[in-house]
Every structure is written in C-alpha cells, then in structure tokens.
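I opened the notebook to record what I looked up, entry by entry.

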Amino acid sequence: MYIQTARLVLRNFIDGDLESFLAYHNDPEVAKYQGWGIPYPREKGESFISYMKERTAPKQGDWTQFAIALKEKDELIGDIGCYIKDDDARQARIGFTLASKHWRKGYISEVIPHLLEYLFEDMDVHRIVADCDVENIASYRTLEKLGFRREAHFVESYLADGVYTSEYHYGLLQREWRENFKGR
Ligand SMILES: CC(C)(COP(=O)(O)OP(=O)(O)OC[C@H]1O[C@@H](n2cnc3c(N)ncnc32)[C@H](O)[C@@H]1OP(=O)(O)O)[C@@H](O)C(=O)NCCC(=O)NCCS
C-alpha cells in the first residue's frame, strides 16, 4: 500500500512508527471510544506493527490496518483499517484513528476517500459499513460527510468499561458512492 494525498501518505506500517503509535494509543482522548483500553502496552504495539507491516492487501476475516503519515516528514499520525467479511469478500467494515494533536485539520476526510476508492474500485466491494458511539460526533460527522447513511441506532448495545453505550451504524453502497461521492 502506498497512496499519496495532498498532505499525507497512506502506507504500510514500519518499525519506526512504534513510538508515535504507542503515544496516540495511550492518549485517553483518542482511546475514549475505542475498544483497546489503556495503558496500551509496548509489546502489543510491537507485535501489531510486526504483524501488520507485511500485509500487502486486505485479508478476509481479519482487520488490515495502514499507517497515515505526514508526507513531508513521514511521521505517523494515525491509522485507517478495513475488515473484509470472512463469508463475503464484497462487504467491508472500516475504522480510523488520528493522534489528537492532528484533529480538526481535515486529514481524515482527505485520506478516507482513497481507501473507499481502493475498496470499491480495486477490490469491487459492494458495501462498506462503519459504526461508532453516539457521542463520538467527530466520527459520525466524518462518515456522513463522506456519504455514509445512518442505518441504525442501537440503544445501550455495547458494553464499554462496565457501562452499556449506544451506537450508530452506517452504510454506503458501491453504486451510491460512484453516483454521488466518487471524486468529490
Ligand atoms: C474520528 C477522528 C479521526 C476525526 O478526526 P478529526 O480530524 O477530528 O475530524 P474533522 O476535524 O475532519 O471533523 C469531522 C467533522 O466532525 C466535526 N467535529 C469534530 N470534532 C467535533 C466536536 N468535538 N464537536 C462537534 N463536531 C465535531 C467537525 O466539525 C467536522 O464536521 P464539519 O466538516 O461538518 O465541520 C478523530 O476524532 C479521532 O481519531 N478520534 C479518536 C478515534 C476514534 O474515535 N475513531 C473513530 C472510531 S469509530
């Protein structure tokens, strides 16, 4: 994977990403709506990078994550991932994270369309879904701006740190993206 946008690079993880990866995984603001829990141990980061850095293409039944780096310095600022359903290679789920000091700069909206293009056009995916906590405004606004449709509101459906939280589920079809959002 190597895609350049105006300000960013979407690429495979490299060993040199470890410190930045650990820093944002251990930031309570970033981890607030994510499932990984903190403290996020160094060994977990090392094994994640060593597993993911060899991944050349999404694999069915597993998350595949790519690094988001600033183009000028090749500094890791976040990651973006997709999960291809194990029983249907034309359905995918996406997820995304940025280090908090890089929020509100439009980076995530710059990079996600490239992942959508890759999944919808290169992999001929039919449908992409994403879900988020109902309080995660930045996440659902990002999805809505990219054309995702809110399809469900599950009430107190997800147990996080002993509390049942509510979720929005979003979906986008290949034909909808081609007709209304591709290249925008
Ligand atoms: C989700 C995430 C990648 C969004 O990145 P970001 O740089 O903050 O996104 P943007 O600045 O492009 O904001 C996206 C939209 O949300 C809005 N938004 C962002 N933060 C907001 C807030 N705290 N309150 C209200 N709106 C907010 C922005 O205004 C923008 O909408 P607009 O273009 O209509 O104005 C980032 O917040 C993040 O990494 N969060 C932690 C990890 C996470 O929760 N990932 C999603 C898991 S489902």
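Predicted model: local features only at pLDDT ≥ 70, side-chain atom pairs only at ≥ 80, totals over all residues.

**Entry 1**

**Entry 2**

I took strand 4 (residues 75-84) and strand 5 next. Their pairing is antiparallel and covers seven bridges. The link from strand 4 to strand 5 is a hairpin of six residues.

On to strand 5 (residues 91-98) and strand 6 (residues 127-133). These two run parallel and are joined by three bridges. Here I found Ala-92 opposite Ile-128 of strand 6. What lies between the two strands in the β-α-β unit? Helix 4 (residues 107-122) does, and the unit is right-handed.

**Entry 1: helix 3**

I asked which residues of helix 3 (residues 42-52) are buried. They are Gly-45, Phe-48 and Ile-49. Viewed down the axis of helix 3, the buried residues fall within an arc of 95 degrees, so they line one face. On the other side I listed Glu-43, Ser-47, Ser-50 and Tyr-51, which are exposed. Helix 1 (18-25) is among what covers the buried residues of helix 3.

**Entry 2: helix 5**

I repeated the look-up for helix 5 (137-145). Ser-139, Tyr-140, Thr-142 and Leu-143 are buried in this helix. Their arc around the axis is only 155 degrees, which puts them on the same side of helix 5. The face turned away from that buried side carries Ile-137 and Arg-141, both exposed. What covers the buried residues of helix 5? The cover includes helix 4, strand 6 and strand 8. Gly-147 follows helix 5 with a positive phi, near 105 degrees.

**Entry 3: the ligand shell**

I then listed the ligand's surroundings. How many residues surround the ligand? There are 22, and the closest are Trp-103, Cys-132, Ala-138, Ser-139 and Arg-141. Strand 5, helix 4 and helix 5 are the elements that give two or more residues to this shell. The largest share is that of helix 5, with six residues. Ser-139 is on the buried list of helix 5, whereas Arg-141 is on the exposed face.

**Entry 4: Tyr-168**

I picked Tyr-168, in strand 8 (residues 163-173). Is Tyr-168 buried or exposed? Tyr-168 has 20 other C-beta atoms within 10 Å. The cut-off for buried is 20 or more, so Tyr-168 counts as buried.

I looked up its contacts, leaving aside neighbours within four places in sequence. Tyr-168 is in contact with Asp-131, Cys-132, Val-134, Tyr-140, Arg-150 and His-153. One of these, Cys-132, is also among the residues closest to the ligand. Another, Tyr-140, is a buried residue of helix 5. I also took a C-alpha distance: Tyr-168 and Ala-130 are 8.5 Å apart in space and 38 residues apart in sequence.

**Entry 5: backbone exceptions**

Most residues other than glycine have a negative phi, and most peptide bonds are trans. I noted these exceptions.

- The peptide bond from Ile-38 to Pro-39 is cis, with omega near 5 degrees. Pro-39 lies in the loop between helix 2 (28-31) and helix 3.
- Arg-104 has a positive phi, near 65 degrees. Arg-104 belongs to the loop between strand 5 and helix 4. Arg-104 counts as exposed because 10 C-beta neighbours lie inside 10 Å.
- Asp-161 has a positive phi too, near 50 degrees. Asp-161 sits in the loop between strand 7 and strand 8. With 7 C-beta neighbours inside 10 Å, Asp-161 counts as exposed.

Terms used. Residues numbered from 1 in each chain as written. Pairing = 2+ DSSP bridges. Helix = DSSP H or I, 4+ residues; strand = E, 2+ residues; numbered from the N terminus. Right-handed = clockwise from strand over helix to strand, strands pointing away. Buried ≥ 20, exposed ≤ 12 C-beta atoms within 10 Å, placed from the backbone. Arc of directions from axis to C-beta. Contact = placed C-beta atoms within 7 Å. Near = placed C-beta within 6 Å.
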